Every structure is written in structure tokens, then in C-alpha cells.
There are 2 protein chains.
Amino acid sequence: MTIAAALEALAQLLGQRLSRSKSDLDLHAASETYYPLARPDAVAYPRDTAEVSALVRICAEHGCPITGWGAGTSLEGQAQAFSGGVVVDFREMDKVLEINAEDMDVRVQPGCTREALNTELRATGLFFPVDPGANASLGGMAMTRASGTTAVRYGTMRDNVLGLEVVLADGRVIRTGTRARKSSAGYDLTGLMVGSEGTLGLVTELTLRLRGQPEAVTAAVCGFPDMHGAVAAVIDTIQMGVPMARIEFVDAAMAGIFNAASGGSMPETPHLMVEFHGSEAGVREQVETFGAIVADHGATGFDWAERPEDRTRLWEMRHRAHWSTLASAPGKRALVTDICVPISRLAEAVEETAADIAASPVTGPILGHVGDGNFHAILLFDPDDGTELDTVKALSHRMAERALAMGGTCTGEHGIGIGKQAYIKAEHGEGWQVMGALKAALDPQNILNPGKLVPPRN
Amino acid sequence: MTIAAALEALAQLLGQRLSRSKSDLDLHAASETYYPLARPDAVAYPRDTAEVSALVRICAEHGCPITGWGAGTSLEGQAQAFSGGVVVDFREMDKVLEINAEDMDVRVQPGCTREALNTELRATGLFFPVDPGANASLGGMAMTRASGTTAVRYGTMRDNVLGLEVVLADGRVIRTGTRARKSSAGYDLTGLMVGSEGTLGLVTELTLRLRGQPEAVTAAVCGFPDMHGAVAAVIDTIQMGVPMARIEFVDAAMAGIFNAASGGSMPETPHLMVEFHGSEAGVREQVETFGAIVADHGATGFDWAERPEDRTRLWEMRHRAHWSTLASAPGKRALVTDICVPISRLAEAVEETAADIAASPVTGPILGHVGDGNFHAILLFDPDDGTELDTVKALSHRMAERALAMGGTCTGEHGIGIGKQAYIKAEHGEGWQVMGALKAALDPQNILNPGKLVPPRN
């Protein structure tokens, strides 16, 4: 067997760091969503780029599939080895290699998590802004083009990765980008790799852009009598050019789940959760402008979080939304949708989605990074009841179709993986075939994360 | 001849809009820099995407080279047809198709210039921020990943193109991106096309991101006793997080040329030219912070431009720097360098460059978008004196090598074209071969702008 031959050679390369233990295989079989388990044949724990390159050369020689693994927090099965082969877990490549405070950039290994990086940066006055909620690995975040609560101000991984070191499907190592802030030197290979879900190469190093910790930070929660008012307030805020650092929407159901999870007492109505970054005067000005806008839309019950610990509690509650929702419905699993639409269509998209869910037999709180036009429904279903899975899939399908009809995208930040191939085809048409041609050019044997993102190989 | 057969079929397709007149061929033979003339075999003026697609299919059938032409303002020979064939001039595809004021985006045809777009946007309260100086076409700006004076605040074309319609080398038409502000739906084909210099496809439509016109705008010029003070002030300003809209450096020689060109009386010392955008209070705060920083570095002679007409005069003087420099030395031509380095190395890079030029027999004023770490030397040479061309090429070579050694790029905004292939190889190493593989995958016949950007085909 080709995989068996590869594993034998990999064991020689990595020794104990090629694991075939049941517990390791089980740990790397699951994802955080409802996809079936996919046990790899082995898990590799390389320590440096040279080892990753040697590993890939061995797999290329034997036609053995390779799937990268960061923190295992992706939501579309990106890190699951559905074709078997070897999962490359980057947990031993988790260093912060070089902080350039003057240039506000940092070199890290792919297994470093965003929280670990920010802990290390604390004394420098700098921070890495992209925040998908989960404590994902930075390599994984690059590969899914992750974003999250702060993208409205600081951009997504597309905007915050300056360069990469990548091991290609034949084991060659390339460096993309530079430490300069811009370049017109040829095709944007950094941009091509970011969001490629491990199908074009394995990232072994990232150069990331950092930001200065703002002089002043203030956060707040406010309630609205209805969903329309909350979403209309977001649209006005964006159009007024208020440089919000975060602006998150949660619906009434989600507010109730937050209360249950954290012992709070938010009114069970739609809410916005916001954060302002800037100079003292700048934040005051933003708060005033925002206050006037939301008052026009009937906002009440402002709850300010000025102290760092209050802000931490606020955003932890938000970040735990997925788990709190699951905890609110024991025995259920979740299908998390992820559409993103032009801001002018946001109210319509959220309201039609809510109406769809209300008319269905399942429940699904809605929340999202609405400053980008991106929102999620956490659709709950009973995994032992096939009709409920069909129901949530049908709801998800309608959301994706609605997003595309509105000029939006089927995935704002979770990616394609195995879950959204039908939608990417609808979204990109012939462009999806172009993606397949690029994949074939860089990975002719289809060993890098096969079965994900691109069209199936004929 | 294959080109002859293609031209016959193209004449049938386009009628009078396929021109072989001497004046048309001459007009499309030159560039704004020192490269030799390259007369195409014909110039096509398509009117819509369907015509561009039909044109490309004909050229593909006959193996006829195709080179796109916007405003002809690129600086590395990107629009010159060195392999002959047909130049596709987009002047008849210059419409603003749809302004979405609520979503702050716009759809345009590639021949629309940035000034024409901003004129059309004037009543909307929005503007398109990317400003390379020249009144380039937006299609051309996308293809060279242009930037210019405002990139420090608003980003480059990479950051401001939301989506494209592209005719591929086989005539297929794809749409990349959506109108959503972010997406994780597969490979970033928009990003791959932006900066590809017409080697992967012809852009037939662009969706661009717009910005709100700032409530308050103030510009200023201030002088410094020496180059070091001016550059150090830029570094401090960037590191303090002042959200400058523009921050441009000119050296003493350039100040003298400005005086000669516009009848001004700037002291002939290094200067910074700056612009602040924001709310009234925000701009006041920026001005105060900036004022304190530059005072620390010995700045004197602040000249404020508060009125729109004064700002226009200021930036026109800056935008005409290239032409004013040529006018200052009748009979000379210019080689314009374009390196970009990490901001911490900027002072060193500028000073070493200046010392190099001072030690050479030629002259070359230095100016640049220093907020990005990007600067140019306009190296003047006598085209009839071969040794002067060799001298400026050697200076340019040393600048590129210095930029790479500092972790920067050989081109911040002008691109590769035919002028920088040696440097892109040094900058990207094996990555340049990857670019060649992508090109071969999407344009196997090598008919799209052959000879530019990627490695020569074996």
C-alpha cells in the first residue's frame, strides 16, 4: 500500500513523533462541527521546516495524503483527513520567532495560537488584532482566511499576513511576501495561499502585521426593541464612517442563552455589543456619534464596560456563544452558517433568515460580525433524528442562496472544506474550475488536503 | 503567419475598431520610461466583454500575443507589445456602471480613469482613494497593483478591488470576488489577478471599494535641516499610529525642481508634504501630534494648505514631479526606481541611496511615499551617452539589492514588466518559478502579455 510505505519512511524520519496510537488518531479524527469522524493513518509532529519538507517529499513519493492541523477549531472539516494518510500537527512548531516592534510585525511558527502570541506581545504595546473567538493556531487562521469580531476595523487574515514560508506539494520551500508594507513584485502568492485551506502547501512560518494597543478602549452592550432597529443602527454606524473596533449583533434567543450561561440579566431582546479604540478624545467622539445613532433606532439599557476585566467578561461571553448554545440544548449538535452580504442588504438577510428559522421545527440563535455584513445562525439539530439534520441543511442552503442573490458570499470566514462545495460552485461558476486548475498546477498528485475546496479531480 | 490570420479574423469582428494605422501603432509603441519603442501589429478597441472574449478566442486560435492598454502610464513597459500582436486599448470601455452609495462600492469598466471616477462620485460624498499621481486607468491600476500618495491610510489596489470580471486566455469569462466585504470562499482569485500585469487575463470590469469624503482635510509642507530628521519624523509618526492620509518626502534637489516648475520659494532642503483626514476634532488632534513630532526633528517653515485650491496646487506639484524633473534637464531621460523597505530601515535606505547618487556622475532627486517605506529616485541620464544609462542601471541595481537585503521589495508600486525580472528572481527565488507554473496553468500558449513578469518559457 502506498500509505503504508509512506508511513514506514515517515517513522524513520520522525521516530516517536510519528504517532499511530489510537488516542492520537481519535484526537485528530473529529472536528468542532457535525461532520463524521475521519481517522488518519498517522499523526506527524514535525519540529522545523526541513522536517516538513522531508515529510512532504516522502508523501509525494508514495502518493500519501497530507492534511495540516493547527488547533482543530475549523468549522468545515478542513483539518479532517477524509482520505486518510498523515495529519501534520504543528503543535511542536509554536514559537514566536522574532518581534519587530519598530516595524510592527512578527514572525511566528504556524502552531502558535493567537492568544499565545498576544500574551507574548503584552509588554511591547502591540497586539495581533484578528480574533475569530476560538483560540485557533495562526497557521490555521491563515489557511481559512479567518476573521471574527475585529475585522470591521483591522481586517481579516488577508489583510494581516505580510508573508509566509510554505512547503509545496513536492517539498520545495518558498517564501512569499516581504517585510515591506506593500509590493508590486509579481503575483500575490501570499494572498493565494491565505484561504487555501492547506490544499496548495503547508505553512511553516508566518510574518504578521501588528497594531499599537489603543490609548483608550471602551465597550458597551445595548438592547433594541426589535431586530430591525439593531441592524439599521449598524448600517448607519458603518455609513457614518465610525471606526468601530467591534460591532456584534445577537438576537433575542442568543441574549437568553448568554443569561443562562453567565448568570446575566440582559433583556431577552436583540442587542449590539460594541467596542471603540482610539485616543481618549477619539473614543469619546465615537461613543457620542454611536450613542446618537442607536438612540434614533430605539436602543435602551446601555451597559458600559470600561474596566479591562469587564470587557474581558463581555467578549468571553460572546466568544463562548457556540458552546453556550450547545449547552442550552443537551444532546443536540449544531450546523453553523456563515453568510456575508453587502451592508445595504443586511437587515433583509437577517430578518428573512430569522423568519425561515421561526417557521421551521428547529431553533437557531443568530449572531454575527454585522459590521462586515457577516452573520451566523447556530442551527441546532438532534443527531439521532435524520429529519432534523435535513431541516437545518435546507435552512443553511436557503441562507447561502439568499446571500449569493444579494451579491454576497456563502462563507464570510469559515471557509469551504467539505461543507460548502455546492455553494462555492454557485458563487464562482467557472472561477471554481480556475481554482481547480491552479490546484492541479501546484499539486498535480492531489496529495495536499484532497477532497477539500476545489472541484473533485476527474 | 499566425498573427496575420488573427488580424484578419479580428478585423471581421471589430471592423474599424481594429486599427493598423501608423499613428495608432506609434501611439501604442511607447511607454513613459526609457524602454525602446515596440510597435504592435494592430490596436483593438473593444466595446464590451463579449467582444473582448471573442477577440481572445481568435488570438488563442492563432497564437497571437495580446497586450492590454489602459492609459499607457505604467513605468516598466507593461503595456508595450514587445512580441507584437494586438494591443487591446480599453478607451471605449470607460463607463462608471453602477454606484452603490449605501454599500460604498462602484462597478466600473477598465478604461475609466481614476480622475473620471472621482469626478462622477463628487455628488455622492464618496471618493476612490488610490492615487498614483498619473491619471491612470482603473484597469491598469489593478493590473500593476498601483498605490501612491494615499496608500499609507487607504491601502493599495490590493485593498480596494472587491471583485473583477476577467477574460481568461481561452476566452472564458469569470467573475472573482463578491460585493461582500470579506469572504473565505476559496482561493482569492481577485488577489491573484491584481498585480498580474495582464499576464493571466484581461480585466473587463472592476468592483471597487469607496470611502466617505472626510469631514475635515488639512495639508501642509514643512522643511527639515537634513534628510535624517525628515525620515526620522516619518518613522515616529507611523509608530505613534497617527492615521496620516498622505506623508510624502522630497529631498533638497526635488524642492529646487518644485520651485523651478511652480515659481515657488521652498527652502532647498528636505521636506515632508502631509495631509490629514478625519473629523474636525480628529484632524486637530493629528495636526498637534504631528507638529510635536516634527518639531523634535528640527522642522521649520510650516506652510499650511487649508483651502481646497491650495491643497490641489500642492498635490499637483507633487504629482508632476516626474515631468518637472525631466523638464529641469532638457534632453535627459529618466530611470525611476521604486524600492520599499521596512519602516525601521527607511532612513538608512534613503541616506545610502542619496550617498550613492552623490558619488556618481549623474543626478537623481529622491522622493517617495515614505509612510509605506516606499521611495523613488528619478535617475537622469543622457540617452545618447551609453555610459550614463549604465551608471543609472547600476545605481538602480544597488538600490534593489539594498531593499532586498533589508527585507523589502524591489518594487513598491510600479511592478515588474520587463524591467525588474532579475530582481523578482532575487526577491522570490523558487516562488518566481511558482508564478511561472501558475501562468502556464492559466495561459498555456503564453499569449497574454508574453515576456513580462514571469520567467521566460523554456
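Colleague: Hi! How many salt bridges are there between chain A and chain B?

Modeller: The count between them is eight; a salt bridge here is a side-chain nitrogen of Lys or Arg within 4 Å of a carboxyl oxygen of Asp or Glu. Keep in mind that this is a predicted model, where local features need pLDDT of at least 70, side-chain atom pairs count only at pLDDT 80 or more, and totals for chains, interfaces and linings use all residues. Residues are numbered from 1 along each chain as its sequence is written, chains are lettered from A and ligands numbered from 1 in the order in which they are written, and side-chain values use heavy atoms, with hydrogens and water left out.

Colleague: Which residue of chain B does Glu430(A) pair with?

Modeller: Glu430(A) forms a salt bridge with Arg172(B), and their closest N and O atoms are 2.7 Å apart.

Colleague: Which helix of chain A gives the largest share of the side that touches chain B?

Modeller: That is helix 17 of chain A, with 10 residues. Helices (H or I, at least four residues) and strands (E, at least two) are DSSP runs, numbered from the N terminus. By class, this side of chain A has 27 nonpolar, 28 polar and 18 charged residues. For these classes, Ala, Val, Leu, Ile, Met, Phe, Trp, Tyr, Cys and Pro count as nonpolar, Asp, Glu, Lys and Arg as charged, and the others, Gly among them, as polar.

Colleague: And how many residues are in contact?

Modeller: 73 residues of chain A are in contact with 73 residues of chain B, contact meaning heavy atoms within 4.5 Å. For chain A, 100% of the interface residues are also interface residues in chain B, so the copies meet through the same surface.

Colleague: Where does Asn118(B) sit?

Modeller: Asn118(B) is in helix 4 (residues 114–121) of chain B. Leaving aside neighbours within four places in sequence, Asn118(B) is in contact with Phe127(B) and Phe128(B).
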